[in-house]
Amino acid sequence: MNSNSLDTRSLLHGFDKGGLFDLGHPLLNRIAESFFKAAGIGAVQAVAREAYFTASESTGGDTTSIPPEITGPRKNRFPDLKGETNRKSVEALVKSTGKESVQWGLAAGMYSGLTYGLKETRGVHDWKNSALAGAITGAALAFTLEDRSHEQVVQCAITGAAISTAANLLTGIF
């Protein structure tokens, strides 16, 4: 049998074909691609943040000027990073980075899937789709917080809606 006649469809594609995935439906492709891109960004961000704080603390640098929303309490950063062994430190780094990567990926995949579904349902892609998808994604992210309250869920929903709406409206300007 000639190799040209074989079905060469695979789940992964290169960038030259317009996307990384071919899962059989544009919605699934969009969610998967958004998830993996954002998860990678989340992992890099988590490792870079911890590397900065570890270097700053080890040189006696002052991290008190950084807002607590960024640094968080030490327990939320890699608590076992300064463990008894390198193995324990690496395990803590991988676990925490993985958790943050999944959170970033889920947020991006959820937002992307919601905007696509709303576009297909309503027949138009506008700021309303972005606002609703941002609000739902923001609220879902608030549920991943350890100490969440009703006010935090509402604030995250409003913030998500505002950011995604602004991004949608500013897309045509820049």
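Student: Where is the place of Val153?
Tutor: Val153 sits in helix α5. Helices here are DSSP runs of H or I with at least four residues, strands are E runs of at least two, and both are numbered from the N terminus. Bear in mind that this is a predicted model, where local features need pLDDT of at least 70, side-chain atom pairs count only at pLDDT 80 or more, and totals for chains, interfaces and linings use all residues. Residues are numbered from 1 along each chain as its sequence is written, and side-chain values use heavy atoms, with hydrogens and water left out.

Student: Is Val153 buried or exposed?
Tutor: Buried, because its relative accessible area is 15% and the cut-off for buried is under 20% (exposed is over 50%, partly exposed in between, with a 1.4 Å probe and protein chains only).

Student: And what does Val153 touch?
Tutor: Leaving aside residues up to four places away in sequence, Val153 touches Ala139, Ala142 and Phe143. Contact means heavy atoms within 4.5 Å. Phe143 is 10 residues from Val153 along the chain, and their C-alpha atoms are 7.0 Å apart.

Student: How do the axes of α4 and α5 cross?
Tutor: The axes of α4 (residues 127-142) and α5 (residues 150-171) come within 6 Å and cross at roughly 145°. Those axes are lines fitted to C-alpha atoms over the stretch in contact, with angles from 0 to 180 degrees between N-to-C directions.

Student: Which residues meet there?
Tutor: On the α4 side they include Gly134, Ala135 and Gly138, and on the α5 side Cys156, Ala157 and Gly160 are among them. By class, the contact has 10 nonpolar, 8 polar and no charged residues. Ala, Val, Leu, Ile, Met, Phe, Trp, Tyr, Cys and Pro count as nonpolar, Asp, Glu, Lys and Arg as charged, and the others, Gly among them, as polar.

Student: Switching topic: how many helices and strands in the protein?
Tutor: There are 5 helices and 0 strands. Of the 174 residues, 29% count as buried.

Student: Where is confidence lowest, and where highest?
Tutor: Lowest in helix α2 (residues 68-71), with a mean of 56, and highest in α4, at 94. That's pLDDT, the predictor's confidence in each residue, from 0 to 100. Residues 1-8 have pLDDT below 50, and that stretch has 1 contact beyond near neighbours in sequence.

Student: What's the average pLDDT?
Tutor: The protein averages 78, and 73% of the residues score at least 70.
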